[in-house]
Amino acid sequence: EIFLSDNEGNIIDSNVYKAKETFLNFKINVSDNVGLKFGCTLLNHMNDNLISFPYSENNGFKEKGNYHLKMKLPIQLFKGGNYHIEAALWKNGQIFDQCDEYISFDIIGSTIFEQNGEGIKGLIINNEQWTVKQF
């Protein structure tokens with residue numbers, strides 16, 4: 001099970017707003033392949049790999065059972081547009097589960113440039129504020 005949620009655990013539909021914290025959730029059942037490793041990647045609509053989220057706790061899942069992995073997505077760094085998550089479970093080079101698009105969502109732009117339909121170059125937006133002094 002893969003879904004997006006807010007800070008309180010409420011499921012978010014396909015529209016993600018930069019003003020709200022957004023979390024990526026995976027529910028995984030490890031039934032017999034102890035030692036499985038997990039990782040996922042955020043991609044844009046052009047399939048550019050933007051950021052990876054490896055799970056490397058103790059070098060993989062050490063015990064059988066159900067796991068809920070949750071990580072905050074740094075959506076404020078990315079300009080408005082369509083994004084998707086790919087992920088895989090593997091062990092010793094053998095892939096047990098993989099999908100190029102587990103979930104797709106739209107980040108709703110928050111900058112004046114995005115709202116006016118003006119182009120923004122680059123894949124990442126620096127949201128730090130400019131310090132301006134007139135002289």
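Which residue in β9 is the bridge partner of L89? In β9, that partner is D97.

## Basis of the model

This is a predicted model, in which local features need pLDDT of at least 70, side-chain atom pairs count only at pLDDT 80 or more, and totals for chains, interfaces and linings use all residues. Residues are numbered from 1 along each chain as its sequence is written, and side-chain values use heavy atoms, with hydrogens and water left out.

## Strand pairing around β9

Strands are DSSP runs of E with at least two residues, numbered from the N terminus. Two of them pair if DSSP finds at least two bridges between them.

Strand β8 (residues 81-91) runs antiparallel to β9, and 10 bridges join the two. These strands form a hairpin with 2 residues between them. In the turn, N92 has a positive phi of about 50 degrees.

Strand β9 (residues 94-108) also pairs with strand β3 (residues 15-17), in the parallel sense and over 3 bridges. Here N15 stands opposite D106 of β9.

## A salt bridge

A salt bridge is a side-chain nitrogen of Lys or Arg within 4 Å of a carboxyl oxygen of Asp or Glu. By this rule the model has 1 salt bridge. It joins E21 to K72, whose closest N and O atoms are 3.1 Å apart. Because E21 lies in the loop between β3 and β4 (22-30) and K72 in strand β7 (residues 65-73), the pair ties together parts that are 51 residues apart in sequence.

Residues count as buried under 20% relative accessible area, exposed over 50%, and partly exposed in between (1.4 Å probe, protein chains only). E21 is partly exposed at 36% relative accessibility, and K72 is partly exposed at 40%.

How values were computed. Helix = DSSP H or I, 4+ residues; strand = E, 2+ residues; numbered from the N terminus.
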